[in-house]
Amino acid sequence: MTDQYAVIGNPIAQSKSPIIHAAFARQLGHDLSYEALLAEVDDFDATVRGFIARGGKGMNVTAPFKLQALALSDRLSARAQAAQAVNTLSFTPDGILGDNTDGLGLVQDIRDQIGKPLAGARVLLVGAGGAARGVLLPLLQAGPRQLLLLNRSVEKARALIAPWAGAYPVAAGDLAAGAGGRFDVVINATSAGLSAQGLDLGAGLYAPDALAYDMVYGKGDTPFMADARRQGAARVADGLGMLVGQAAESFVIWRGVRPDVAAVRALLRQY
Ligand code: ATR
């Protein structure tokens, strides 16, 4: 029987995950289906259990359900535990396994697709909400020389780094604390771009060969990317590659093989 997968969210019609996973399956000759499932906010658990009852093997989880997916999981990977959020569920005879592939998706896009080393780099991560929490540990594990986490509410940034400050070179500050820092990689993990408001991060943020990375994506430059170009970032990228990267990591978890992300990234750019 065809193995069934899905992405669940609300809204969900805009999700590119069905296109991505269908492309992975075609590429590797896997017999699987992957659908978009809309759940009402108070009906997440029942929708997931209904999908399991129909024979579902796994699910991606997007907004606003990543915390509910964490609570629903019988077991969690270390990275889901660290992220305190789940974007990948696997339905197994041992129960529901919760994982989080967002951070690896980001790391692989920056390091392997864009080709910007993270090991030894000076990294600035802006934001301390769910998006930042999801990627913080994988970024630290990529071996930066320094990671500075900035947030408008600085106490949230401090709380986020607290568990890791002993083991990794990580510090926190307010939005102005990175000015003049000449970072190699600057990542926007805030939702500020969505409202087209700029982030006032001050001048001198970028090293000569710096990469500015916005975790969101859209048509053309986001406001953060446009500002980064003006401020002299050598390269800018949006989060489309991260989206493909997290999907590829979910595919690895479910199917045990790694798809070619570059081909699918190129395909998505055409949409
Ligand atoms: P997400 O899950 O997308 O991270 P979130 O948990 O609501 O969403 O977090 C939103 C992040 O964007 C926070 O870091 C928030 O800063 P505060 O913690 O200070 O609220 C940040 N953010 C949103 N709008 C912003 C703005 N206009 N300027 C600066 N930061 C902003």
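Visitor: How far does a polar side-chain atom of Ser 153 lie from an oxygen atom of the ligand?
Guide: Keep in mind that this is a predicted model. A polar contact here is a pair of N or O atoms within 3.5 Å. The pair made by a polar side-chain atom of Ser 153 and an oxygen atom of the ligand has a distance of 2.5 Å.

Visitor: And how much of the ligand's accessible area does the protein cover?
Guide: Start with the ligand on its own, which has 650 Å² of accessible area. Once the protein is there, the share that it covers is 70%.

Visitor: Which residue has a polar backbone atom 2.9 Å from an oxygen atom of the ligand?
Guide: Let's sort side chain from backbone. Asn 151 uses an N or O atom in its side chain, 2.7 Å from an oxygen atom of the ligand. The backbone atom at 2.9 Å belongs to Ala 128.

Visitor: How many residues in the shell around the ligand are polar?
Guide: In total, 15 residues surround the ligand, and Ala 131, Asn 151, Arg 152, Ser 153 and Lys 156 are the closest. Sort the shell by type and you get five nonpolar and two charged residues. The polar ones number eight.

Visitor: What about the second largest pocket: how many of its lining residues are charged?
Guide: This pocket holds about 190 Å³ of space. Its lining includes Tyr 217, Gly 218, Leu 240 and Leu 268. Next to four nonpolar and two polar residues, the charged count is three.

Visitor: What kind of aromatic pair do Phe 24 and Phe 251 make?
Guide: The whole structure has five aromatic pairs. For Phe 24 and Phe 251, the ring centres are 5.5 Å apart and the planes stand at 75 degrees. Planes over 60 degrees apart fall in one class, so this pair is edge-to-face.

Visitor: How many residues apart in sequence are the parts that this pair ties together?
Guide: Phe 24 sits in helix 1, residues 17–28, while Phe 251 sits in helix 9, residues 240–255. The pair therefore ties together parts whose separation in sequence, in residues, is 227.

Notes: Residues numbered from 1 in each chain as written. Predicted model: local features only at pLDDT ≥ 70, side-chain atom pairs only at ≥ 80, totals over all residues. Heavy atoms only, no water. 1 Å grid on protein atoms, 1.4 Å probe; cavity = no way out; pocket = protein on both sides within 12 Å on 5 of 7 lines; lining within 4 Å. Points joined across faces, edges and corners; volume = space filled by probe spheres on them. Nonpolar A, V, L, I, M, F, W, Y, C, P; charged D, E, K, R; others polar. Near = heavy atom within 4 Å. Polar contact = N/O pair within 3.5 Å; in protein donor to acceptor, adjacent residues only side chain to side chain. Areas by Shrake-Rupley, 256 points an atom, 1.4 Å probe, with all protein chains shown as cover. Phe/Tyr/Trp six-rings, centres within 6.5 Å; stacked < 30°, edge-to-face > 60°. Helix = DSSP H or I, 4+ residues; strand = E, 2+ residues; numbered from the N terminus.
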